[in-house]
Structure formats: structure tokens, C-alpha cells
Amino acid sequence: MSDLKIHNISKEFNGTAVLDKINLEINQGEFFSIVGPSGCGKTTLLRIIAGLEFPTDGRIFIKGIDSTSMPPQKRNVGIVFQNYALFPNMNVMENVAYGLKVKKESRETILKKTSSVLEKVLLSHKAGEKVSSLSGGEQQRVSLARVIVTEPDLILFDEPLSNLDYSLRQETRNELKRLQRESGITSVYVTHDQSEALALSDRIAVLNQGKIQQQGKPEEIYFNPANSFVSKFISHSNLFDSVLSKKLFNIEINNNQKLVILQEEIKPVKSTELKQGVITEILFTGYAYEFTISVDGNIIKSMQPLNTVLENFSKGNEVGLSLLTDKIRVVE
Amino acid sequence: MKKKKFDASEYFLLFIVLFFSIGYILFPLYTLVSSALNDGNGNFGFSNFLNAFTKTTFQAAINSILLSLITVALSGITGLVFAYILHFQRIRTKSFFSSLLMIPLATPPLIGVVSFLFLLNEKGLLANLLELVFKHNELSFKFDGWSAIVIVHVYSFFPLFYLFTSSALKRIDSNLIDASYSLGASKTLTFFKVILPLLIPSVVGASLITFMASMASFSAPFIFGGSERFLTTEIYFAKINGDNSLASSIAVLLTIISIIFFILLRRYRTGKLFDIRHKGVPRTDFSSHRSQTSISGTIIISLFSLMLILPVFTLLYLSFIPEGSLMRNFLSESFTPENYLKIFSEPQFFEPFYNSLMMSLIAVLITLIAGISSAYLIAKVNTKFKSIIENIVSIPYGIPGTVIALSLILSFNKPVLFGAFTPLVGTFIIIPLAYSIRNIPILMQSSMSGFYSLDPSLEEASFSLGAGKMTTFGKVIFPLIFPSVLNGALLVFINSAGEFVSTILLYSYSTKTISVEIYSQIRMYNTGAAAAYGMLLFAVVMAVVYVSRKTIDKSITGI
């Protein structure tokens, strides 16, 4: 039995459909991400799971129980907010203890549980501090501790890392993954950052314009995108129509199809016969070179890690294109 | 906020808000207007207005408007000049000065009037001092009429301009000034082309508020006005002479003028303010251009501080001088605490003090209940309904105190539903009721600012952790809005403790307040008693200001 079942959920705001017949099943202990561009409806879906919004149509089952019209208080679903939503009138310890106090747990239980969870998030030494004196990463850990301590059936993450700067984001991401695995609580994670979703998740659903475009394991989605939206959004792939595909790579595809080539699967070569395009930009990003190559006005991106054997290119070079894969993937 | 359905507790709040706004805002206004339109024989029409538009009323209207314009101009210049000079001074002098500014801001209008009377009167402190220095008696001060009213007005209203302008100056990005210089503009050109335009919204806001307050001002024209007529005093005299229809006609006229300016103010606030906030990039404070304190600056500040303190000092001095000294040269008198002892030992002298405190507390309680309820509903419900509540509850801010008192008298001189079917005129409760009506907008605004600064996800976080509506309100929301609510409540208390304008029309022998008592002591030339009452009131107000600053700072930073 799945921990969370979303059945045919639709949501309209003032006549505009925000979610259109969403179906998802999320298994026990799974880390599931919903990823999509802003405005795709992912936050609305999360709020519907939490009970902060109610669907126009469809049903929500949490642990097999129909929770569609249950208020948030009754759901036993924890939320980690983007802006942390820590109670500024309480210190770290009181914030974490809040959910237990509300449930009228005994003092000893509250003390025991909060101390143990603060230890887990490595914040025992800050228990008595004001939440405003903590760093962004620490605040986010308190916010997670506050949820974990209540042992919810489900944790919902609403872009929890987007207020953190880059290096802290990497660090907190790993921490979060560790805590989720240790606690074993089923998690639904909403983000617009596809790399974050890929790194964290057991499975991913890609959402666009209120519809699920594809769901599956990170590798499946990355390497086998279901449509051009997914391939663009998840892997920033190059897409070629049938004419270009024939002309450049001699690969025949149907007219309504597009050839998908990942950025790391194509590289520029200096060749006397093959002069297909011109390098218009070379960016060095630290771990890779990123080439922008223009072919008859079509832009092709190539990303080559430093350890690949590369010739010495400069802007304006006429180059050929070499495919590094023999896999042919097409999307509609 | 999203549209949400009301539950039982929210319907209860709605009931409170509707009861208050219909019973004590709309109903009295309705009674006032219908009394103005009723010619006494049961015919409705504008005959009262035509009768009211005699030469004297017309002159009073002209005087009131002229007084307000002069007040705005002089307070504006004073406030702006000081804000600009002080902006370039060192922080220490500045914070000292701005805490001194609390004196005219928090002093009840009547106390301001009385202290100036004692300071600048022909037998006042200044005259006595000059006599002492120059050793002859021929200097005669005439402190009454227009000049007296204007001086008191400027004293009371220039801090408003100072505060508005200096907070606008603080918000100006110093990069703007640097940009102007680097583009080749001179200091003068930069002032007129860059700084001044950014100050204009604040100056206009302060001007509108000052204009309204001047139009509604009663104490100064009442005491210094003499034969000069103003709209507020005309209403009072018409009422005292028993001519209700004349009083209400003038009241309606005054209210219309005030409300027009009130609407302008609200429009202006929501629409025209420049947005000089910046996204992301931290702003450089323009005061980084600050120079050290100059000698001329120090002299100006010292003189000015003296000017701020002197009226209160006069009051303090006179409160320790025996009764009736205003007739003699009181510099030769010896100090005595007898004025204070009298207030605290004789019950009939203590009663006004007690009444004022009780009435202010009741007013705070009523405004708390009705104000928080309205603010809660405004923060929760959908837009159309919210602006209706907000607009109705804000109306009293635009209505002069004299008019509120008159409308209460006309509404509650007979048994009606909202007076619990007993005539309220002459009772104790009608006075705190008037205070509540006058101050409800303040409490609503301060609570609203509390609700609006709340992050809505805090409430959601609390819900998702299993807490119900009540628990969430008690443990999360109320502690967070408390500082704003407290701020409003203390302001209501301060305003009520020294209220004179509506009290003078509503009091009866057994419900005298401290302000009414000060007035009657002055009429009897009992300067000592008046000064002692004034000092007591001043001390209470300042204690509240002090406590509020402390508590509010603590509740913001302390937890």
C-alpha cells in the first residue's frame, strides 16, 4: 500500500485550471520530488496534500485514509517551508517542542524527543537561542527538526533550499538527504531546481502547466525524457528536427519527432571535411567547458568535462560536430 | 489572504465590529446630520444651514481655515529646517533632541495651552524674569488672540513635520546624492532637484494631518481666542446656548471640511508615496555625509531644546508656588508642595484625577476589543468587505472631537438600543465612550500593522503541527502582534488621559476629569492647582511613553 495516493486531483482558481487530473502514488519511505518551472502548480499540489488548499476535484489518500476534506491539523503531515516559518516568539527548543506540546505529550516525553532530534540535526548547543540568531542553514534544520519530532506520516518540503546561498545549499542538501534516510519518513519535495531533484530523489515527477509530463527514477527521466519539455527542462538537451538530424548526423527520424542529444554527448572537432558550424562562445565553468556552436542559425550547446580530450578551440573557429553516443533517443 | 468561510468565533467578532461601528460611529453621525437638516417643526431641509450662514459663522469658517493654513506653513518650515539641520549632526545630539520632541508630541493640547499661558502671559514666567533682569515694569506682554494660538499650534505640530521629514531623509540613498554630484550638480541644485522632491510626499502627508488637526483644534482657540471666532468654539457656544440645530449645522460644515482632507490624506498615502525602497542591494545611508557637530548647530539645538522644555518647566515651577501667585511677582515666592497635597488629601480634588484614569482605562478596553476584532477581520476576509470595515472604523479619525461629543449628546439624550435604553448624557460611561470612538482608528491601525507583518506561513506551520485555531492564535499570532497592539493601546491611553475637547461638552458635576478641572481652576485664577494637575497629567503621560518604549523594545528584541 502506498503512503500517499493522489487520485485525479484538479484545482481551479477563478475558472483557471492550475492542476489538471494529477495521479501519483508515493511509497513508504520514498523521497519523491515534484519538479517544474514556476507557475506549474507544484506548490498548489503540495498545499493540497497538506490540507492548506482543497482540490476542486479528485481525492487524496494518506496511509490509505481518504483525507481530501480533512483540515491540516488532523492530517499528521509536516511541512518544511521555503522561508522556514519558525515562530519568532519562541527559542529553538520551544519551536521544536511546539507540535508535541499541542498534542499534550508529557513533559518528559517532550524533553526526551526534542533533545534527541536536536542532536540529530546537530543543534543541541543552540537549544536555548533565539531563532533569529541562527544562520539560514541552521534555521532550516530547526524547521526540519520541528517536523521530524512529531513523527509525521509524510513530510512536505516547499523549496526548502532556495533561500540559501550556493555552498550552503549543497551542504544542507546532503544533510537533508541523510536525515530523511535515517528517519525513514516518506517525503514529498517540491523544487524548480532540476539538479536538486535529481540529486535527492528516489523518484521524480515533472510538472508543467498543471499536468504531469513524466514520472520515474532520476536516471530514467534524465536519459529517456518523455517529451521535448522534459528533455529541455531536466537535462537542457539539444533537440534536432528531422531535417537537421539527417543533415548533421545522418540519422533519419519521423517528421513529427525530434532527436535528443545531451550536452555532454556532443563535442566540437577540428576537421577539414566536416565544417558544420561556428563556435560563438566558450565558457570555462571550473569542471567543464561549455561551447555554444551555431549551425545555420541553430544554437547547439556542448558541455565537455575537463578530462575529455579536447583540441585547442577559440571563438570563431569553424568546427565539425562529433556524437559521443550511438543511442538514438527521440521525443514527440 | 484567501477567501475563507467564517466560523462561529469569527461571526462573533463580526457582531462586535458591526455593533460598535453602527451604534457608535454611524448612528451618532446620522443623528447629527438629521438634526442639522431638521428645522424644529419636523420639516427637513436646508433652512438651518441658511440660518447658520450668518456673518459670524462665515467669519469663523474663514478664521479656522486661515489658522490651519498659517499653522501648516509655520510648523512645516520649523520642522523641515530642524530635520535638515539635525540630519547632519552627530547621532548623540540627535537622539537627545528626538526624545525631547516627545514632550510636545505627547503633551495633551490643554496642557500645552496652559503652560504657554503661564510662560508668556503678561504676568507669566517670562515677564517676571525680564522684570527681574531689567528692573522695570513697563514691558507688557499681551499673550492672547491669533499670535498665542499660532505659537501653541506650532509648538504642538512642528514635531510631526520633523519626524516625517527626518524619516524620509533617513530613507534617501546616499548613492543618489553622490550620483547627482558626480553628474556635475552643485549642492544647491542637488538639494532642489534630488532631495526636496523625495521629501515632498512626507511634507504633504504631515501638512494634511496638521491641517485636519488645526481645523479640529479647540483648546487653544477656546482659551486664547477671546472675541475671535472659530468653527470648533462656535459649535461649543451654540451647544451651551441650547441651540442644537445651529450647533449641528456648524458641526456638519466642519465635518465636511475635515472629511475632505481626510479622504485626500488616505488617497495620498495609498497612491502617491515614492517608493524609495530597493530590492536586494543594501542601501547606503545618506547620513554617511554627516559632519561633526558645528558650533552654530550646537547653539541652535540648545536654544531649541530650551524652547521645548520651557513650557513644561513653567508648569513644574508654578505647581510648587502657592495659590494665586499669577497676580504677584511669583519669583519671590517660596516653594511648597501644598498644591499636590491638596489633590491627594481632599477627595473632591482627587476625584478628577481618578476619573481620568478610570475613563482612559475603560476607553483602552473598549478600543482593544473593537479594534483587534476589526483588524482581525480586515486581515482575514476578502477585499470588498475588508475595505468597508476599514473605512467605517477609520471615520472618527476625520471627525473633530467637538463634533463627536455633540453627536453623542444628540444621539443618547433619549433611551435608545445602543445606550442600553437609558439616556447616556450626563452619565459616567458616555465620556470613555467618546474617547473610544475618537481613538478606535488608532488601535485598529496598530493591530492591522501587526497582522500584516505576520508571515502567513507561521499560521500554516502551526496548523500542520496539529494546533487548532485557538491554540494558534494564543501561542503564535497574539504574542507576535502584541507589541503593535500594546503600542496602540498606550497611545489610546495617552490621548484619553488628557482629553479636553469632547469632555468639556460631556462632563457633569460628578464626572469631571482632570482636564476639565484644570480649566475650571484657571477660570478661578488658581494657577497652583491648575499647574499641579497639569504636572500630574504630564507625569502620567510621560510614564506611559517611557514604559511603552521600554516594553516595546523589549518585546521586539528580548525574546
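**Reading the interface and the sheets**

A: The area buried between chain B and chain A is about 2,000 Å², and carbon and sulfur atoms give 62% of that. Buried area is the accessible area (1.4 Å probe) that two parts lose on being put together, summed over both. This is a predicted model, in which local features need pLDDT of at least 70 and side-chain atom pairs count only at pLDDT 80 or more, while totals for chains, interfaces and linings use all residues. Residues are numbered from 1 along each chain as its sequence is written, chains are lettered from A and ligands numbered from 1 in the order in which they are written, and side-chain values use heavy atoms, with hydrogens and water left out.

Q: How many residues of chain B are in contact with chain A?

A: Contact means heavy atoms within 4.5 Å. Here 22 residues of chain B are in contact with 23 residues of chain A.

Q: Which residues form a salt bridge between the chains?

A: A salt bridge is a side-chain nitrogen of Lys or Arg within 4 Å of a carboxyl oxygen of Asp or Glu. The count between chain B and chain A is one. A:Arg47 forms a salt bridge with B:Glu460, and their closest N and O atoms are 2.8 Å apart.

Q: Which helices of chain B each supply at least two residues of the side that touches chain A?

A: Helices (H or I, at least four residues) and strands (E, at least two) are DSSP runs, numbered from the N terminus. On chain B, helix H20 (456-464) and helix H21 (469-497) each supply at least two residues of the side touching chain A. By class, that side has nine nonpolar, eight polar and five charged residues. Ala, Val, Leu, Ile, Met, Phe, Trp, Tyr, Cys and Pro count as nonpolar, Asp, Glu, Lys and Arg as charged, and the others, Gly among them, as polar.

Q: What is the order of the open sheet of four strands in chain A?

A: Two strands pair if DSSP finds at least two bridges between them. The order is E2-E1-E4-E5 (chain A), with antiparallel pairing. The edge strands are E2 and strand E5 (65-66) of chain A, each pairing on one side only. Strand E1 (residues 4-13) and strand E2 (residues 16-26) of chain A are joined by seven bridges. A:Lys5 stands opposite A:Glu25 in E2(A). In the hairpin of E1(A) and E2(A), two residues lie between the strands, and A:Asn14 takes a positive phi near 45 degrees.

Q: Which residue forms a salt bridge with A:Asp20?

A: The partner is A:Lys211, with the closest N and O atoms 3.5 Å apart. The pair links distant parts of the chain: A:Asp20 is in strand E2 of chain A and A:Lys211 in strand E10 (residues 211-216) of chain A, 191 residues apart.

Q: Why is one side of E11 and of E18 of chain A left without a neighbour in the sheet?

A: The open sheet has three strands in the order E11-E12-E18 (chain A), and the pairing is antiparallel. Strand E11 (238-240) and strand E18 (329-331) of chain A stand at the edges with a single partner strand each, so one side of each has no neighbour in the sheet.

Q: Where are the bridge partners in this sheet?

A: Three bridges join strand E12 (residues 258-261) of chain A to E18(A). In E18(A), A:Val330 is the bridge partner of A:Leu259. E11(A) and E12(A) also pair over three bridges, and in E12(A) the bridge partner of A:Asn238 is A:Ile261.
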